[in-house]
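The points are grouped by topic for use alongside the model.

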Amino acid sequence: MPQSRDSGQRAAPAPSSDTTRERILTAAMEEFARHGIAGARVDRIAKLAKTSKERVYAYFRGKDALYADVAAQEHVVIAQATQLDPSDLPGYAGRLFDYFVARPDHHRLITWGRLELPGTTTAADEHSQALIARKIDQLRQAQQAGQLDPAWEPADVLALVNQIATTWAAQPELSKAAAAHAVDPTIAARRAAVVTAVEQLFPRAH
């Protein structure tokens, strides 16, 4: 099983009012999204954050630890922006679609972690698992309330909805093909297809 290049543990977090730390996280998100974890360079992050490499390492033990913080923060932002409603999974899929259409770099950021740190346990992974567990519990409660077909395993429901919602973000080459060859080449049509697909699998509760 591949191991992270460092322990993935983060240095003690600074107060949220520390603007230097926030600048580092913002710069790191851009750097990781563009170059991945292995290709990211701390000196570029420091330059973009208007600080020094030494200052970056004062906050974070290494690139993996910095990525873990950035990814954990992003998972929270996504959850807050999209808000799972287990009684309206088509609406949830539409919100996920909108989020990543507007922020393709954020999808790349998460994808790099899956590619470069598979099977590792980092703070980002632990935080992501906690968010997933909460959503699975919401789906199970919806099944118990009669709002969702109980024949489905909640984890399967979440995986399928997420996969459908991020189909176009994960396959930009198909987005280009759709723009060139689809009868309706608009983003709105792609979004409608996502929402309709989820609606057919998991209809809105009435």
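## Briefing on the predicted model

Leaving aside its neighbours within four places in sequence, Thr 82 is in contact with Tyr 92, Arg 95, Leu 96 and Tyr 99. The model in which these contacts occur is predicted. The protein chain contains 11 helices and 0 strands, and a search of the whole structure returns 4 aromatic pairs.

**Overall fold**

- Along the sequence, the protein chain reads α-α-α-α-α-α-α-α-α-α-α.
- Of the 206 residues in the protein chain, 42% are buried.
- Among contacts in the protein chain with a separation of 6 or more, 69% are between residues 24 or more positions apart.

**Thr 82**

- Thr 82 belongs to helix 4, which covers residues 63-82.
- Thr 82 counts as buried because its relative accessibility is 1%, and buried means under 20%.
- A polar atom of the Thr 82 side chain lies 2.7 Å from the backbone oxygen of Ile 78.

**Aromatic pairs**

- The search of the whole structure finds 4 aromatic pairs; one of them is formed by Phe 32 and Tyr 67, whose ring centres are 5.4 Å apart.
- The planes of the Phe 32 and Tyr 67 rings stand at 85°, so this pair is edge-to-face, the class for angles over 60 degrees.
- Phe 32 is located in helix 1 (residues 19-39) and Tyr 67 in helix 4, so the pair ties together parts that are 35 residues apart in sequence.
- Phe 32 is buried, its relative accessible area being 0%.
- Tyr 67 is also buried, with a relative accessible area of 6%.
- Tyr 59 and Phe 60 form a tilted aromatic pair, with 6.3 Å from centre to centre and 45° between the planes.
- Both Tyr 59 and Phe 60 are buried.

**Tyr 59**

- Tyr 59 lies in helix 3, which covers residues 53-59.
- The relative accessible area of Tyr 59 is 8%, and Tyr 59 is therefore buried.
- The side chains of Tyr 59 and Arg 55 make a polar contact at 3.2 Å.
- Tyr 59 and Ile 24 are separated by 35 residues in sequence, and their C-alpha atoms are 9.1 Å apart in space.

**Second largest pocket and Trp 168**

- The volume of the second largest pocket is about 370 Å³.
- The lining of the second largest pocket consists of 20 residues, and those nearest its centre are Pro 104, Trp 168, Ala 169, Pro 172 and Ser 175.
- Two or more lining residues of the second largest pocket come from each of helix 5 (89-102), helix 6 (104-116), helix 9 (167-170), helix 10 (172-181) and helix 11 (187-201).
- Helix 6 gives the largest share of this lining, with 6 residues.
- Trp 168, one of the residues nearest the centre of the second largest pocket, has the charged end of Arg 190 sitting over its ring, 5.6 Å from the ring centre.

Key: Residues numbered from 1 in each chain as written. Predicted model: local features only at pLDDT ≥ 70, side-chain atom pairs only at ≥ 80, totals over all residues. Heavy atoms only, no water. Helix = DSSP H or I, 4+ residues; strand = E, 2+ residues; numbered from the N terminus. Buried < 20%, exposed > 50% of the residue type's maximum accessible area, 1.4 Å probe, protein only. Polar contact = N/O pair within 3.5 Å; in protein donor to acceptor, adjacent residues only side chain to side chain. Contact = heavy atoms within 4.5 Å. Phe/Tyr/Trp six-rings, centres within 6.5 Å; stacked < 30°, edge-to-face > 60°. Lys NZ or Arg CZ within 6 Å of the ring centre and 35° of its normal. 1 Å grid on protein atoms, 1.4 Å probe; cavity = no way out; pocket = protein on both sides within 12 Å on 5 of 7 lines; lining within 4 Å. Points joined across faces, edges and corners; volume = space filled by probe spheres on them.
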